[in-house]
Amino acid sequence: MAAEGQEKMWDKEVEGHRTYEDIRIFTDEQLHNYTEEELKEFKIKHDIPMLEELEKGPWPSFVSDLKREALHRRKLGQENLQGPVECCEDLLGQLELSYIDKETHWKHGGIIGVFGYGGGVIGRYSDQQEKFPAIWAFHTLRINQPASKFYNTDYLRGLMDICEYRGSGVTNMHGSTGDTVFLGAVTEQLEPIFFDLTHDLGVDLGGSGSNLRTPSCCIGKARCEWAMIDTQDMCYEMTMYYQDELHRPAFPYKFKFKFDGCPNCCVASIARADMSYIGTWKDEIRIDQEAVRAYVAGEIPPNGGAFRDRDWGPFDIQKEVIDLCPAQCMEWDGKELKIDNKECVRCMHCIAVMPRALRPGVDTGLSILFGAKAPILEGAQMSLVGIPFMYTEKPYDNIKAIVEKVWDWWMEEGKNRERLGELIQRWGLWRFVTEILEIPPAPQMVKEPRSNPYIYWKEEEVPGGWKRDIKEFRKRHPR
Amino acid sequence: MSKGKYGYYDPEKPLENRITDIGPPHYWQFFPPIIRRNYGKWLYHEILEPGILMHVSETGEKVYTVRVGGARLMTAEHIREICDIADKYCDGYVRWTTRNCVEFITDSEEKARELKKDLESRKFPAGSYKFPVGGTGCSITNIVHTQGWIHCHTPATDASGVVKSVMDELFDYFKSMTLPAKLRVSLACCLNMCGAVHCSDIAILGYHRKPPMIDDEVISKVCEIPLVVAACPLGAIRPVTLEDGTKTVRVNEQRCMFCGNCYTMCMATPLADKEGDGIVILAGGKISNRKSGPKFSKVVVDYLPNNPPRWPEVTKTIRKIVEVYAKHARKYERLGEWAERIGWERFFELCEIPFTWHLLDDYRLAYDTYRTTTQFKYTDHVWKIAEAVGGLKK
């Protein structure tokens, strides 16, 4: 396991690192094979009047973009491509047809993959293969993105060469789970693409189907002052450790890990992940009183300048911070800001409003929440607080122990296509907490205690058990 | 990299030299040097102007980020142009955000401003920006979305085309920071919600409105019938054997709410339809824990038609919601927080959205959404009821 020896394959700071020149497929002439004039004049082989409407307006037009890829492929010619030359043109042609028919023209399904993997590739076939032969097969490859989606251009150019040479030259940057996605490869090119990805780029496929989906994380400590866990490191370690679960579907349905450095949840773990890892702190908010006064005096724009383009009047700390605190745990006496930290719920509003004056504490750890999902099947759910706070350290053994308890249960009891959150609902949170996680229940797990008293008691909880003698009862209470 | 039909791969010996389970490349090698030096040492940030962020480190270093909108669907040619720009200004490093924007990171403010100018000068021949700069602070950033008609087999609408139309309409809000808070728009082209739009300020959701058709000829050959039956969350599908002995299923159409889960499980139950399909608009969701907790988006428009190529009904509705929100909400108030403060009845009135019976929840746990207090506001909705029951005049 793990990409041994490959950790620094693309590291420009390390001597002997791999560059684009080492792996490139196309020459400079091939990469610059058309002029702006040619692009202006270029017509694809289908009439696409409706799609051409989408070339107007300021937002980047995917139609214009697909057209230039189409021209580039034309000029490369089939002798320089393994995928069909005209696939971008046929893709636009089929989409135009969908705009007329108002229905998709992609067939359902197609079990497909690379040898030994059950996930990472999604089969896709056109139902208009005679009209659009270049996209008769147009499979998706999910490629495991680097944590926080940083790239260097050598690697990215390499990816693009292979995407263009063996695929269609069309990507999603990024897919919904976060993967780098190649759209459109014919079946026979899947194995060669996988070979080149692993050998020359040092990257693997991501997850699809009933497996661990490609974990993803926020930007974390790379460029955020609020990251309280090392989201990149956790994401990388958990991805590497669970490679088997990522590539070989053995679960009832999908399972997602997402790592957020703070309660702002930039990677939306709380809405999307079966296990949401959210950085937090347990000591006191750090205050620079001097800087607070500077905000009050209007010397620093509130909220990092996020309101810059509209006149909201002078900054009012009482109205904008103290009164908006959900815990009402702050006071401002005109000189000094006081926070009753034990009442703080760490919503981070005050910190976001005055980032130069307030910072999260230094005693940091994480909360683990469970069970978020979109509506299919049993309705949308958000993650619920399971572990309010814990410390962890690389290699995160205490977290892996929790993961495995959860998976054992879910794999044993989960129905086909039942997400973790639905199983928790079906079995009851109390059972998940006490029997599966084996932790004490806590008021932090609920918004409020139950309002119905239909409580299940277990026989062993009640003195004397449940077995009683009706004859003894009748001695006291004659019929 | 390999060339030729199979390249390095030998179909006769698929296991030879095979490498598997190596995971992603290690992230550290893709960090610009300034990011490495300041990893975990950031003190604070500031948005200098729309699209330009400054992060200040305790080492005294400052890093400048220029944020750019993108269509998510990007070609190799587009990404090569991004690489050219990253090579020229950012020593060959670039990143994508969770909302599919592109970020160019530099170490000087001057370079960042120069970069912004360069990015904004690049346009496609037909006129759209290739790299519009914005999406920071109290703005609308990129619409996270799914595939739609361009590459998916279950969609009820297109994705890229709808997003292009909506973003053209909201472009000024991407370029500026004039909103009361950030506003996140997302699109999923069917209820499967690869796009997970269920916690967005405004969500655009593709929706089917006709029950599945049953392809009796093939269903028993291509699907496990018990799985199709079990797929329905409302128990609307039952197995049947036809007179000629064909094993298939039938749908209780009154019970079907068109989720398409049966189709996801089985290709013999398609439900897409030209007139049936369209778009549902949801509003008021958020994921951040800031001030109020995360919230689900709520259905505010039950159906808008698919009208390619520009989806005028959808863009008009969304613009109206955004403008009313921008006008009425208080500073720091997210769309859902504003709607809760003024009351949803006022939201519908101000946004001039009709309240239809489809907005009364009828799914499990629906009761949680019913009003059980006399604390409500008077809007026209009330007078219509009073009139209907003969109670308008004393």
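Q: How far apart do the centres of the positive and negative side chains of chain A lie?
A: In this predicted model, chain A has 60 positive and 78 negative side chains, where Lys and Arg count as positive and Asp and Glu as negative, while His and the chain ends are not counted. Each charge is placed at NZ of Lys, CZ of Arg, CG of Asp or CD of Glu. The separation between the centres of the two sets is 8 Å.

Q: What pLDDT do local features need in this model?
A: Residues are numbered from 1 along each chain as its sequence is written, and chains are lettered from A and ligands numbered from 1 in the order in which they are written. Side-chain values use heavy atoms, with hydrogens and water left out, and in this predicted model side-chain atom pairs count only at pLDDT 80 or more, totals for chains, interfaces and linings use all residues, and local features need a pLDDT of at least 70.

Q: What is the average pLDDT of chain B?
A: The model as a whole scores ipTM 0.97 and pTM 0.97. In chain B, 100% of the residues score at least 70 in pLDDT, the predictor's confidence in each residue on a scale from 0 to 100. The average for chain B is 96.

Q: How many strands does chain A have?
A: Helices (H or I, at least four residues) and strands (E, at least two) are DSSP runs, numbered from the N terminus. The C-alpha atoms of chain A fill a box of roughly 95 × 75 × 50 Å along the principal axes. Within chain A there are 18 helices, and the number of strands is 14.

Q: What share of the residues in chain B is buried?
A: Buried means under 20% relative accessible area, exposed over 50%, and partly exposed in between, with a 1.4 Å probe and the protein chains only. In chain A, buried residues make up 60% of 479 residues. For the 394 residues of chain B, the buried share is 60%.

Q: How many residues does the largest nonpolar core have?
A: A nonpolar core is a set of buried Ala, Val, Leu, Ile, Met, Phe, Trp, Tyr and Cys residues joined through side-chain atoms within 4.5 Å. Among the residues with the most contacts inside the largest one are Phe257(A), Tyr277(A), Phe104(B) and Phe347(B), while another core of 9 residues, including Cys265(A) and Leu369(A), lies apart from it. In soluble globular proteins, nonpolar side chains tend to be buried together. The number of residues in the largest core is 254.

Q: Which residues of chain A are in contact with Leu43(B), leaving aside its neighbours within four places in sequence?
A: Leu43(B) lies in strand β1 (residues 42-49) of chain B and is partly exposed because its relative accessible area is 25%. Within chain B it is in contact with Val56(B), Ser57(B) and Glu58(B), and its C-alpha atom is 9.3 Å from that of Gly60(B), 17 residues apart along the chain. From chain A, the contacts of Leu43(B) are Glu225(A), Pro355(A) and Arg359(A).

Q: What is the phi of Arg417(A)?
A: Met348(A), in the loop between β11 (337-339) and α14 (349-353) of chain A, has a positive phi of about 80° although it is not a glycine, and it counts as buried because its relative accessibility is 2%. Arg417(A) is placed in the loop between α15 and α16 (420-427) of chain A and is buried, with a relative accessible area of 8%. Its phi is also positive in a residue other than glycine, with a value near 65°.

How values were computed:
Contact means heavy atoms within 4.5 Å.
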